[in-house]
Structures are given as C-alpha cells and as structure tokens.
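Please look over the model below before reading my comments. They are written for someone new to reading protein structures.

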Amino acid sequence: MSSASENGTAGSIRGGRRDRDEEGRARNARPRDGLGRPLPYGAEGVDRQPEGVVRTPADTVAEAQALLDAGRPFHAHEVFEDAWKSGPEEERRLWRGLAQTAVGLTHAARGNLTGGARLLRRGAGHVEEWCRGAGRDGVHGMDLTAVAAWARALAADVEEARGPLDPRAHAPHLRGD
C-alpha cells in the first residue's frame, strides 16, 4: 500500500518531492480557486497573487480593493500581508489588521462562520488600535473607521448566517466610497 506522500496527494508533496520556489523554499504549486483553496494538480485555477511584492501604500490599497471587489479576499489578504511585512514598523499593526479582515471574509465565504467572525473582529481591533495610536481615522486614502465598522457589522452578520457568504456582496470599501 502506498502512502499519500508517495503518490503525490498530500499537501504540497507531489511524487514524493516537495514543490519548491526559485529560492528552494517549500511552496504548494497546486492550483487554487478564487478563495485560495487548493485544487487538484492539473485543475484550472485562478492566478496566484505573487508574494513578497513591495508596493506603495496607494498601490496596495488599489490592488487589494480590486481583488476584494472581484470576490477574491484571500488574494487581497496576500497584498495586505506584503505591506505588513515590508512597510514601516509604525504601520504594521494596520496592515496586519486589514489582512485579518480579508481572511475573515475568506473564511465566511468558505463557510467557516465561527472563524470568519473571529478574524473580522480581531482585524477590526488591530485597525482601531492603530487609529488610536496614530491619532487619526484614516491613512493612504482609507476610511479606517468605516473599515473597522464594516468588519464588526459583518462579523455579527456572519454569526447569524446559515452558510457561506458571497465575498463580492460583502466586500468592504477601503476608501469609504
């Protein structure tokens, strides 16, 4: 009897060997759906968000908003995570909070309602904490008070939901438009 790792069906192991990126780091090369869930090798997936991209804050907000509007909050989370990891220290809590709200929406869209609500609230808390510490309600064109309010209201809706939420219908408006 062969094991899952020998026949290439477990995690990021394919044919007994791990998928690796150019630098030799383990990476799962399986295609992903629009919510970031792995699909079988050879299946048609959506383009993955490149990791480790350094963007201007304006580009980060614009790209994340486009992904959120397209119903791809998992991919928006990757954009926020890049800003969190590469941005100035004083903004890391903000970008981490935004990434957590995007992951919360991802979980809610996947049907993990408990995890979705929890991450939406945690992300809202980080955004609100950043605002208090910075002494302002917005930065980089974002209306952070509105974003935190959106996350908290959506968390309450998620707790009442009976199934997965449509991520397009529940996407935030980062600029408060």
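The points below go from the whole chain to single residues.

1. Basis of the note. This is a predicted model, in which local features need pLDDT of at least 70 and side-chain atom pairs count only at pLDDT 80 or more, while totals for chains, interfaces and linings use all residues. Residues are numbered from 1 along each chain as its sequence is written, and side-chain values use heavy atoms, with hydrogens and water left out.

2. Overall layout. The protein chain has 6 helices and 4 strands. Both kinds of element are DSSP runs numbered from the N terminus: helices are H or I runs of at least four residues, and strands are E runs of at least two. Their order along the sequence is α-β-β-α-α-α-α-β-β-α.

3. Burial and surface. Of the 177 residues in the protein chain, 45% are buried. Buried means under 20% relative accessible area, exposed means over 50%, and partly exposed lies in between (1.4 Å probe, protein chains only). The chain exposes about 9,300 Å², and carbon and sulfur atoms supply 47% of that area. Accessible areas come from the Shrake-Rupley method with a 1.4 Å probe; for residues, only the protein chains shown count as cover.

4. Contacts along the chain. A contact means heavy atoms within 4.5 Å. Among contacts in the protein chain with a separation of 6 or more, 55% are between residues 24 or more positions apart.

5. Helix α4. This helix covers residues 92-110, which is 19 residues. From its first C-alpha to its last it reaches 27 Å, close to the 27 Å expected at 1.5 Å a residue. The expected span is 1.5 Å times one less than the number of residues. Because 15 of its 19 residues are buried, α4 is largely enclosed by the rest of the structure. Just after α4, G111 takes a positive phi of about 100 degrees.

6. The nonpolar core. A nonpolar core is a set of buried Ala, Val, Leu, Ile, Met, Phe, Trp, Tyr and Cys residues joined through side-chain atoms within 4.5 Å. The largest one here has 35 residues, and those with the most contacts inside it are F80, L94, L98, M142, L144, V158 and L174. The elements giving two or more residues to this core are α2 (57-69), α3 (73-86), α4, α5 (113-134) and α6 (144-160). Helix α6 supplies the largest share, 8 residues. In soluble globular proteins, nonpolar side chains tend to be buried together.

7. Leaving aside neighbours within four places in sequence, M142 is in contact with V61, L94, W95, L98, D137, L174 and R175. Q65 is found in helix α2, and it counts as buried because its relative accessibility is 11%. Not counting residues up to four places away in sequence, Q65 touches P172, H173, L174 and R175. The C-alpha atoms of Q65 and A171 are 8.4 Å apart, although the two residues are 106 apart in sequence.

8. The structure holds 8 salt bridges; the term means a side-chain nitrogen of Lys or Arg within 4 Å of a carboxyl oxygen of Asp or Glu. K85 forms one with E81, with the closest N and O atoms 3.4 Å apart. These two are 4 residues apart in helix α3, so they are separated by about one helical turn. K85 counts as exposed at 55% relative accessibility, whereas E81 counts as buried at 16%. Another salt bridge joins E89 and R92, where the closest N and O atoms are 3.0 Å apart. E89 is exposed, with a relative accessible area of 58%, and R92 is partly exposed at 29%.

9. A salt bridge between helices. The side chains of R93 and E129 meet in a salt bridge (3.2 Å, N to O). This pair links distant parts of the chain, with R93 in helix α4 and E129 in helix α5, 36 residues apart. R93 counts as partly exposed at 31% relative accessibility, and E129 as partly exposed at 37%. Elsewhere, salt bridges that share partners join R55, E63 and D82 into one network.

10. A backbone angle to check. Which residue other than glycine has a positive phi near 55 degrees? It is H140, which lies in the loop between β3 (138-139) and β4 (142-143). At 28% relative accessibility, H140 counts as partly exposed.
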